Amino acid sequence: MKLNKQTLSEQIYQILRKDILTRVYHPGEKLTLKQLQERFGVSSTPIREALARLSEDGLTEYYSNIGINVIQLKEKDLRELYEFMADLDSLAILHAAGHPDQQQLLDRLSKNVKEFQQKLGNPSPTPEDQASLRDLSDNFHLLFYDFCGNSRMCQAARRQRSQLTMYSNQYSSDMKTLEAIEGEHLDIWKAYSSGNPAQASQLMHAHLLHSLSYALEVADL
């Protein structure tokens with residue numbers, strides 16, 4: 001595989017992150033330096049840097065005398081993850097409601113919802129369409145963090161959402177599930193757009209708990 005030498009670590013990180021989130025590498029799978037050096041044809045340094053970033057994202061774990069493994073969540077971990085994100089996402093909405101530029105947030109939310117509806121309406125979605133729908137779903141949640149005014153909340157959300165995305169990528173490949181997700185996003189958007197962030201916050205909390213049920217169905221527990 002040919003890589004740009006100026007950004008080796010960044011490129012390897014992005015490739016491995018995508019592979020983990022889309023389960024090219026499965027939960028619990030071991031990643032060795034030798035294997036990755038053979039794949040990318042580079043020294044160990046940029047690979048170590050990329051693996052360190054994946055660990056910061058919560059996507060890999062280091063085990064003494066074993067090496068680097070893709071994160072593998074048990075049922076308790078998965079429940080804690082979704083319940084935590086339900087609390088955090090709903091809190092982000094309340095914080096975002098205090099941002100001085102509400103119109104920009106509303107415009108971006110509206111654009112997200114409309115693009116989601118448009119792509120979901122494609123009768124023959126391509127794999128690229130489905131990947132775009134998954135990204136739009138993630139970004140719907142993250143938009144509120146862009147306006148919440150709390151950098152620590154943003155950092156916590158982005159790290160935990162990486163783990164959540166490992167599972168949402170699996171259940172969001174089902175179009176009926178995506179339709180249900182769209183409906184809940186639409187309800188959240190309507191509540192927030194009508195000037196009721198408290199209701200939007202409650203709907204977001206319920207939405208994440210519904211998503212937990214989807215995750216439990218696809219998880220290898």
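Two strands count as paired if DSSP finds at least two bridges between them. In this predicted model, 3 strands form an open sheet in the order β1-β3-β2. The pairing is antiparallel. β1 (30–31) and β2 (60–63) stand at the edges, and each has a single partner strand, so one side of each is left without a neighbour in the sheet. β1 pairs with β3 (residues 67–70) over 2 bridges. Here Lys 30 lies opposite Asn 69 in β3.

The largest nonpolar core holds 64 residues. Leu 78, Tyr 82, Phe 144 and Tyr 145 have the most contacts inside it. Helix α4 (residues 75–96) gives the most to this core, with 9 residues. Residues up to four places away in sequence aside, Phe 144 touches Ala 92, Ile 93, Ala 96, Leu 105, Leu 109, Ile 188, Tyr 192 and Met 204.

The model contains 2 cavities of 30 Å³ or more. The largest cavity has a volume of about 110 Å³. Its lining comprises 13 residues; Ser 137, Arg 161, Ser 168, Tyr 171 and Ile 181 lie nearest the centre. Helices α6 (127–146), α7 (151–171) and α9 (197–218) each give two or more residues to this lining. By class, the lining has 4 nonpolar, 6 polar and 3 charged residues.

The second largest cavity holds about 30 Å³ of space. Asn 112, Val 113, Phe 116, Glu 182, His 185 and Leu 186 line this cavity. Two or more of the lining residues come from each of α5 (102–120) and α8 (175–193). The lining divides into 3 nonpolar, 2 polar and 1 charged.

How values were computed: Residues are numbered from 1 along each chain as its sequence is written. This is a predicted model: local features need pLDDT of at least 70, side-chain atom pairs count only at pLDDT 80 or more; totals for chains, interfaces and linings use all residues. Side-chain values use heavy atoms; hydrogens and water are left out. Helices (H or I, at least four residues) and strands (E, at least two) are DSSP runs, numbered from the N terminus. A nonpolar core is a set of buried Ala, Val, Leu, Ile, Met, Phe, Trp, Tyr and Cys residues joined through side-chain atoms within 4.5 Å. Buried means under 20% relative accessible area, exposed over 50%, partly exposed in between (1.4 Å probe, protein chains only). Contact means heavy atoms within 4.5 Å. On a 1 Å grid over the protein atoms alone, a cavity is a set of points where a 1.4 Å probe fits but cannot get out, and a pocket is an open set with protein on both sides within 12 Å along at least five of seven lines; lining residues have an atom within 4 Å of a point. Grid points are joined across faces, edges and corners, and a volume is the space filled by probe spheres set on the points. Ala, Val, Leu, Ile, Met, Phe, Trp, Tyr, Cys and Pro count as nonpolar, Asp, Glu, Lys and Arg as charged, and the others, Gly among them, as polar.
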